[in-house]
Amino acid sequence: MAVRALRLVGAVGIGLLLAVGFTPLVNVVSYWMAPSRALAPAQAIVVLGRGGVNDRGELNGASLFGLMEGVDLYRRGLAPLLLVSGSPSGTHGTEVERRADVSRECGIPDQAILTMTSARTTHDEAQGARTILGPRGVRRVILVTDGQAMGRAMALFERAGFDVIPSYGAPVLQWGGTPEARLGVMKRVVIEAAASLYYRLAGYL
Amino acid sequence: MAPLFLLVVAALTSAGACAVGVRWLGLRRDRLGPAVLGLCQLAGVALVFLALNVALGLAIVFLARGVLRVFVSVYVLDDVYLPLLSAIQAVIFESWRGLRAAR
């Protein structure tokens, strides 16, 4: 009986692995998870933490990618403020410090850059954004994070009193991708599903 | 195109392995089905180990946060080596079980 159950679990696992890598299943799931709202001008752009810095104090790829998305939105004139968040840990500078540096290097004026230095989770980031942006009268923000994480992040920011627009506006269903890339997307989908469940159990959502 | 190419390559080497197995190693075609079932069983054990590893890892992370007041990110578990280690655990465990059955 136990052997049969193990075989069934294994067969389902192998089947899912093949379906994820070699069919557009994960593309559809990812598209379905991403909230949609027309991209429009807002009062601030909030770039959520993503990945941190390496041992040399350089932003990793995901963190830099998110920041560049925020910088691009700022340059397009979609909001006058850029609030950057990130992991507060790092021996040669933190993600937030490096993101602020890179934003300045990209030509964003000092007074337009705001930093959130102590947030460790998305829940912390929503609360931190309220503390920083609330007194400035900011209510409508453009949120920059992964498509898979956007649903949970948007819900948290809306609970914190913001009117939220996802940075990508309306998601686009993309059919392509290598099996490895699709597997990466599937991993983020699973992590996000687990995080959403935890946030609901913890009463954050 | 790239996914299809990978599948074609794997199908060709599988066909080659079948031919070599039957022709030179004396393997029986009718034992291929049970071999696939064995793979499913191994994958099942690996998934059980993965679930246990994730569950224990999460418990330690939340224990550290709740009791020790030390922030540990759950993303420490987000590493490709966790499924690989789980697969190694499964292979060793199944080999161990196989040795007992053969004795």
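This is a predicted model: local features need pLDDT of at least 70, side-chain atom pairs count only at pLDDT 80 or more; totals for chains, interfaces and linings use all residues.
Side chains of opposite charge can pair when their charged atoms come close. Over all chains, the count comes to 14 salt bridges.

Arg56(A) is exposed, its relative accessible area being 63%, whereas Glu58(A), with a value of 35%, is partly exposed.

A second salt bridge lies within a helix. Glu95(A) and Arg99(A) meet at an N to O distance of 3.7 Å. Both residues belong to helix α4 of chain A, which spans residues 95–105, and they are 4 residues apart, about one turn of the helix. Both Glu95(A) and Arg99(A) are buried.

Asp163(A) and Arg140(A) form a salt bridge with an N to O distance of 3.2 Å. Asp163(A) lies in strand β5 (residues 163–166) of chain A and Arg140(A) in strand β4 (residues 140–144) of chain A, so the pair ties together parts that are 23 residues apart in sequence. Asp163(A) is partly exposed at a relative accessible area of 26%, and Arg140(A) is likewise partly exposed at 31%. These two residues also take part in a network of salt bridges that links them with Arg37(A) and Glu158(A).

β4(A) and β5(A) run parallel and are joined by 4 bridges. Within this pairing, Leu143(A) has Pro166(A) in β5(A) as its bridge partner. Between the strands comes helix α6 of chain A, residues 147–159, and together β4(A), α6 and β5(A) make a right-handed β-α-β unit. The salt bridge between Asp163(A) and Arg140(A) thus has its two ends in the two strands of that unit.

The cysteines remain to be described. A disulfide is a covalent bond between the sulfur atoms of two cysteines. Over all chains, the structure holds 0 disulfides. In chain B, Cys18(B) is in no disulfide, and the nearest cysteine sulfur, that of Cys40(B), is 16 Å away; a disulfide would require the two sulfur atoms to lie within 2.5 Å. Cys18(B) is partly exposed, with a relative accessible area of 37%. In chain A, Cys106(A) counts as buried, because its relative accessibility is 18% and the limit for burial is under 20%.

Terms used: Residues are numbered from 1 along each chain as its sequence is written. Chains are lettered from A and ligands numbered from 1 in the order in which they are written. Side-chain values use heavy atoms; hydrogens and water are left out. A salt bridge is a side-chain nitrogen of Lys or Arg within 4 Å of a carboxyl oxygen of Asp or Glu. Buried means under 20% relative accessible area, exposed over 50%, partly exposed in between (1.4 Å probe, protein chains only). Two strands pair if DSSP finds at least two bridges between them. A crossover is right-handed if, with the strands pointing away from the viewer, the path from the first strand over the helix to the second runs clockwise.
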